[in-house]
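Visitor: I would like to learn how to read pockets and cores in a model. Where do we start?

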Amino acid sequence: VNAQHTKNLPGRKSDVQDCQWHAMLHSHGLLVPCFIPPENVRQLRCFYRLREDHLRTAGEHVQHLQRALDLMNVRLHVVISQIHGVSGLRVIRAILQGERNPEVLAALCDAQILKHKKTQVVKSLRGHWQEHHLFALRQALAGYEFCLSQMKECDQQIQALLERINGEQPPQRPEEGRKLKLVRHNAPQIDDLHGKLITMTSGRDATKLPGIGPLGFMKLLGETGADLSAWPSEKHFTSWAGLAPGSNQSGRRNKRVPRKKTVVGQIFREAVLSLAKSKHLALGAAYRKLRARKGAAIAVTAIARKLAELYYRLMTKGLDYV
């Protein structure tokens, strides 16, 4: 249960121990249980959260790569957009193998980069090759590759778990010809992830909602599961996710109470940020209109609440109702 709920209940006249007070409240049915997903959903949540931790740590190692290059006066990460992309890693590995010629290192980049930025790339690769900075660069690259291998193992566990959850259910296939919101970098290496998720939800495809892709769909299932009957209405669901507006006014008293930060609410906020530059989506237009009046922070939370309502209706009543 939520311990804060027990503090707001009246009737505690004496200094009773907490365990006795909770036992009496429970005997009268006054304690509201918290949401605890089933075991298979908790396993999925564990694997995907662990994957997120590895991804976050990998981002820190990318910063270590950039710092080591900066200290050697190598500014390649300023010229190209991603130092951890194919071209950037190819150049870094050549540097660690002993190559120092800027022309040779620049030739390892992609043809599109050399077509527009060859001169800048060559200039950015003239550095001071000091041994202790090269050691730091080698360590950062090893840490980044280790985190990627850990993420791959998490993907294997998630794939095996989804196959166990679906079991003998007939596989569901997504609609053909429909474009999906794909992850450009560090996408889950899971075979037919979209189809497995639709099978797990008995044909309810949340990727039909704007801003939600297979990865976001997997995160939501890992937090709430496919059965949303624990929340009687969409208002209960958005309040639990920390997206509902608070009512903190009584007479002339109006206090500010910060919203609680939940993982599910953050997933919907990230989905809204992907709609910010959309051209033909109503939620994207609503976000830009509200952002102009109230600011980005309020607009993200407000549209995230709308998206959470659509998700609740989809998972409980089906797409036809939405």
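Guide: On a 1 Å grid over the protein atoms alone, a pocket is an open set of points where a 1.4 Å probe fits, with protein on both sides within 12 Å along at least five of seven lines; lining residues have an atom within 4 Å of a point. This is a predicted model: local features need pLDDT of at least 70, side-chain atom pairs count only at pLDDT 80 or more, and totals for chains, interfaces and linings use all residues. Residues are numbered from 1 along each chain as its sequence is written, and side-chain values use heavy atoms, with hydrogens and water left out.

Visitor: Which residues lie nearest the centre of the second largest pocket?

Guide: Asn-2, His-5, Ser-239, Trp-240 and Lys-260, out of 15 lining residues. Two or more of the lining residues come from each of H1 and helix H11 (234–240); helices are DSSP runs (H or I, at least four residues), numbered from the N terminus.

Visitor: Is His-5 buried, partly exposed or exposed?

Guide: Buried means under 20% relative accessible area, exposed over 50%, partly exposed in between (1.4 Å probe, protein chains only). His-5, at 41%, is partly exposed. It is found in helix H1 (residues 3–8).

Visitor: What is the largest nonpolar core built from?

Guide: Such a core is a set of buried Ala, Val, Leu, Ile, Met, Phe, Trp, Tyr and Cys residues joined through side-chain atoms within 4.5 Å. Here it has 46 residues, and Met-218, Leu-221, Phe-268 and Tyr-311 have the most contacts inside it. H14 gives the most, with 11 residues.
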